[in-house]
Amino acid sequence: MQKREHNLIAEDTPWKKKIFRIIYFSDTPSGKIFDLLLLLMIILSTFIVMMESVQKVDDHYHSLLVSLEWLITIAFTIEYILRISVVKNKKDYIFSFLGIIDFLSLLPFFLSLFFPFTKFLSMIRLLRMLRIFRVLNLLDYMNDGQYIVQALKNSSRKIYIFLLFIMILVTIIGSLMFVIENGNNGFVDIPTSIYWAVVTITTVGYGDISPVTPLGKFLSVILMLCGYSIIAVPTGIVTSEMRKKMAKTRLCGRCGNSENDEDARYCKTCGEKLMELK
C-alpha cells in the first residue's frame, strides 16, 4: 500500500471523475499514457527553449520552434484548467507544491508576450518531472527525503550561526585585502573584495580577481585552506542530525511511514509488523 500523493477529491459529475482518475492517478492504462505524454512534452518544451537560446538554430527554425512552443503551452494550459475544474477542493490543488509549479511553468510564456526574454524562464517546467515518481511507482522512496528535510530543520539554528560567522569572516578578510592591495589589481572597493573572499573561501576560484602582493597571496592561501574545513562543517552538522533521526524512528517497508518509534513492533499507519532490529 502506497502513501497517498494528495488529498484531492473528484467532482460528482461522471466525466469529471473519469478525467480526475486519468490526470491525478497512474493506476490505469489511460492514466499512465497521459503521464508519459506529459513528461515527453515537458522534455520537448525544455529542448525547444534551449534551442531558441542558440542564435544560429533560432535563425533557421524560429517559426517552427515558436509554433511548437505555442502548441505545448496551450496543451499545458488546458491540462491546468482541467486539474482545477475536476476537483472539489480546488484551493488544495492550486496552493499545493505541484499546483504552484504547474502555474509557474505557464507564467513565463504568457509574460514573454510582453517581455520576450522571460520565455527562457520556462525551464522551470522541468520541476514538473517530479511526477515521474508517481508514474514509476517510486513514491515510497520519496519518504527517504524526509530524513534530509527533518535533519535540515533540526540543524537550522546551528547552520544560521555558522553562516553568520562566515559573513563576518569574509567581510573582515575582504576589507583587509582591500587595504593590502591598496585598491589595485581588481580590489577596487570593499564590496568587490568581499566578493573575492566569498569566491575564494568556497574554493570556487573564478580567477577574475586575484592578489598580486606577497602578503595578499599569503592571505589567499590561508583562506583557501580554511575553505576546505569550512565546507565540511555544515555537512557534518546535517549528517549528525540525520543519524539521530534514523536512530529514533523505524521505517515501514509496506507504507513507507518513518514516524514509528524505535521500540515499535507494528507500523502506526498500516499495522504492518516491523522487522526486528539486529
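User: Is Phe25 buried, partly exposed or exposed?

Analyst: Buried means under 20% relative accessible area, exposed over 50%, and partly exposed in between, with a 1.4 Å probe and protein chains only. Phe25 has a relative accessible area of 23%, so Phe25 is partly exposed. Phe20, at 7% relative accessibility, counts as buried. Please note that this is a predicted model, in which local features need pLDDT of at least 70 and side-chain atom pairs count only at pLDDT 80 or more, while totals for chains, interfaces and linings use all residues. Residues are numbered from 1 along each chain as its sequence is written, and side-chain values use heavy atoms, with hydrogens and water left out.

User: How many aromatic pairs does the structure hold?

Analyst: Rings of Phe, Tyr and Trp (its six-membered ring) pair if their centres lie within 6.5 Å; planes under 30 degrees apart count as stacked, over 60 as edge-to-face and the rest as tilted. The structure holds nine such pairs. In one of them, the ring centres of Phe20 and Phe25 are 5.8 Å apart and the planes stand at 65°, so this pair is edge-to-face. Phe117 and Phe120 also form an edge-to-face pair, with 5.1 Å from centre to centre and 70° between the planes. Phe117 is exposed, because its relative accessible area is 68%, whereas Phe120 is partly exposed at 23%.

User: Which residues do ring pairs link into a cluster?

Analyst: The cluster consists of Phe20, Tyr24, Phe25, Tyr80, Tyr93 and Phe103.

User: Which charged residue lies over the face of Phe25?

Analyst: A charge sits over a ring if NZ of Lys or CZ of Arg is within 6 Å of the ring centre and within 35 degrees of the ring normal. Arg21 lies over the face of Phe25, 5.3 Å from the ring centre. Likewise, Arg83 lies over the face of Tyr24, at 5.1 Å.

User: Which helix supplies the largest share of the nonpolar patch?

Analyst: Like charges are joined within 9 Å, and nonpolar side chains (Val, Leu, Ile, Met, Phe, Trp, Tyr) within 5 Å. Helices (H or I, at least four residues) are DSSP runs, numbered from the N terminus. The largest share, four residues, comes from α5. Among the patch members are Trp70, Phe103 and Leu113. Leu113 lies in the loop between α5 and α6, and its 48% relative accessibility makes it partly exposed.

Note on methods. Patch = residues over 30% accessible without salt bridge, like charges linked within 9 Å, V, L, I, M, F, W, Y side chains within 5 Å. Areas by Shrake-Rupley, 256 points an atom, 1.4 Å probe, with all protein chains shown as cover. Salt bridge = Lys/Arg side-chain N within 4 Å of Asp/Glu carboxyl O. Helix = DSSP H or I, 4+ residues; strand = E, 2+ residues; numbered from the N terminus.
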